[in-house]
Amino acid sequence: MRVVVATVILVLAPRVALACPACALVGVNENSTAYVSMTIMLMALPLGMIIGIAIWLYRSVRRAEAGAQVCERVIRSARRQRACFGPE
Amino acid sequence: MEATLPALPALPARRREVVPNSVLGMLLFVGAEVMFFAGLISAFTITQAGAKPGTWRLPSEPVLPAAATAFNTAALVASGLLLVWANRQYRRNPASAAQTVLLAWMLGAIFVVLQGREWIGLLSQGLTIRSSTLGSFFYVIVGAHGLHAVGALIGLGVAWWRLRQGTLSPGFLLGAQTFWYFVVGVWPVIYGRVYF
């Protein structure tokens, strides 16, 4: 008898105690749209942020490198002039 | 003829700071916060879609005071735009940006104060964190944003104070600005999703 009661409880309990209370709403038409749209949003958001930051960093590095090259050219040109005119 | 040339600087070092550490750190923090708010809004949307008809409303009013909050939203967005302008001023002449930063701070403070006033009104109407699911979501989402706004205002206030003293580093200002842009940027999403 105990085995039968335990088996019935084990079989019925999972239906009562859902692991995710909100999941009971899955399948309702309005809810399906909400689930799908929010899943897409939560998947796309971190990817979008990572890609956005990567592009921004790449552009910043390229801008800084271009600026550094201009500086180096100016300094080299000044060095050449100095070599021609001699030291102070 | 003897030419007199100024001493030349050494060639720049190969390793240089492209993005200030404060901005990079703030971006990582903001990324985590964006996901925090995305989770809250996602839970709100799914719960709202599954709510029984007639249950997703205030005790006395049918909807949240969206029209009154539109003014707060305008003040917050204006504050963000002013900070963009202040950043441009700071690049040209740091001292000239102080007034604009202060104005942006004041608009942000107006937003927080008006939000507080709205909360008092809603509490008096019977909407509490325990009164309904809508009340719980409203106070958690809008309250979390309000806390972020207060934190960002403190950062912006420190930036303004240091700017006046002449001790503000560009990295600190950029970090405070990044956080404020997040607070300004996430609000229209919350406003559009929660209030309508």
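Mentor: Contact here means heavy atoms within 4.5 Å, and the structure discussed is a predicted model.

Trainee: Which residues is Ser79(B) in contact with, leaving aside its neighbours within four places in sequence?

Mentor: Ser79(B) has its place in helix α2 of chain B, and at 0% relative accessibility it counts as buried. Once the neighbours within four places in sequence are left aside, the residues in contact with Ser79(B) are Ala104(B), Leu107(B), Gly108(B) and Trp180(B).

Trainee: Against which helices of chain B do the buried residues of α3(B) pack?

Mentor: Helix α3 of chain B covers residues 98-124 and reaches 39 Å from its first C-alpha to its last, close to the 39 Å expected at 1.5 Å a residue. Its buried residues include Ala104(B), Gly108(B), Phe111(B) and Leu122(B). The buried residues of α3(B) pack against α2 (66-92), α4 (133-165) and α5 (170-194) of chain B.

Trainee: Is the aromatic pair of Trp119(B) and Phe138(B) tilted or edge-to-face?

Mentor: A search of the whole structure finds 15 aromatic pairs over all chains. In the pair of Trp119(B) and Phe138(B), the rings lie 6.4 Å centre to centre with 45 degrees between the planes. Planes under 30 degrees apart count as stacked and those over 60 as edge-to-face, so the remaining angles are called tilted, and the pair of Trp119(B) and Phe138(B) is tilted.

Trainee: Which helices of chain B hold Trp119(B) and Phe138(B)?

Mentor: Trp119(B) is partly exposed, with a relative accessible area of 24%, whereas Phe138(B) counts as buried at 0% relative accessibility. The pair links distant parts of the chain, 19 residues apart, with Trp119(B) in helix α3 and Phe138(B) in helix α4.

Trainee: Is Phe196(B) buried or exposed?

Mentor: Tyr191(B) and Phe196(B) form an edge-to-face aromatic pair, 5.3 Å centre to centre and 75 degrees between the planes. Tyr191(B) is buried, with a relative accessible area of 12%. Phe196(B) has 59% relative accessibility and the cut-off for exposed is over 50%, so Phe196(B) counts as exposed.

Trainee: What is the area of the nonpolar surface patch that includes Ile9(A)?

Mentor: Ile9(A) is found in helix α1 (residues 2-16) of chain A, and it is exposed, with a relative accessible area of 52%. The patch is made by Ile9(A) together with Met1(A), Val4(A), Val5(A), Val8(A), Val11(A) and Leu12(A), and its area is about 680 Å².

Definitions and conventions
Residues are numbered from 1 along each chain as its sequence is written. Chains are lettered from A and ligands numbered from 1 in the order in which they are written. This is a predicted model: local features need pLDDT of at least 70, side-chain atom pairs count only at pLDDT 80 or more; totals for chains, interfaces and linings use all residues. Side-chain values use heavy atoms; hydrogens and water are left out. Helices (H or I, at least four residues) and strands (E, at least two) are DSSP runs, numbered from the N terminus. The expected span of a helix is 1.5 Å times one less than its number of residues. Buried means under 20% relative accessible area, exposed over 50%, partly exposed in between (1.4 Å probe, protein chains only). Patches are made of residues with over 30% relative accessible area and no salt bridge: like charges are joined within 9 Å, nonpolar side chains (Val, Leu, Ile, Met, Phe, Trp, Tyr) within 5 Å. Accessible areas come from the Shrake-Rupley method with a 1.4 Å probe; for residues, only the protein chains shown count as cover. A salt bridge is a side-chain nitrogen of Lys or Arg within 4 Å of a carboxyl oxygen of Asp or Glu. Rings of Phe, Tyr and Trp (its six-membered ring) pair if their centres lie within 6.5 Å; planes under 30 degrees apart count as stacked, over 60 as edge-to-face and the rest as tilted.
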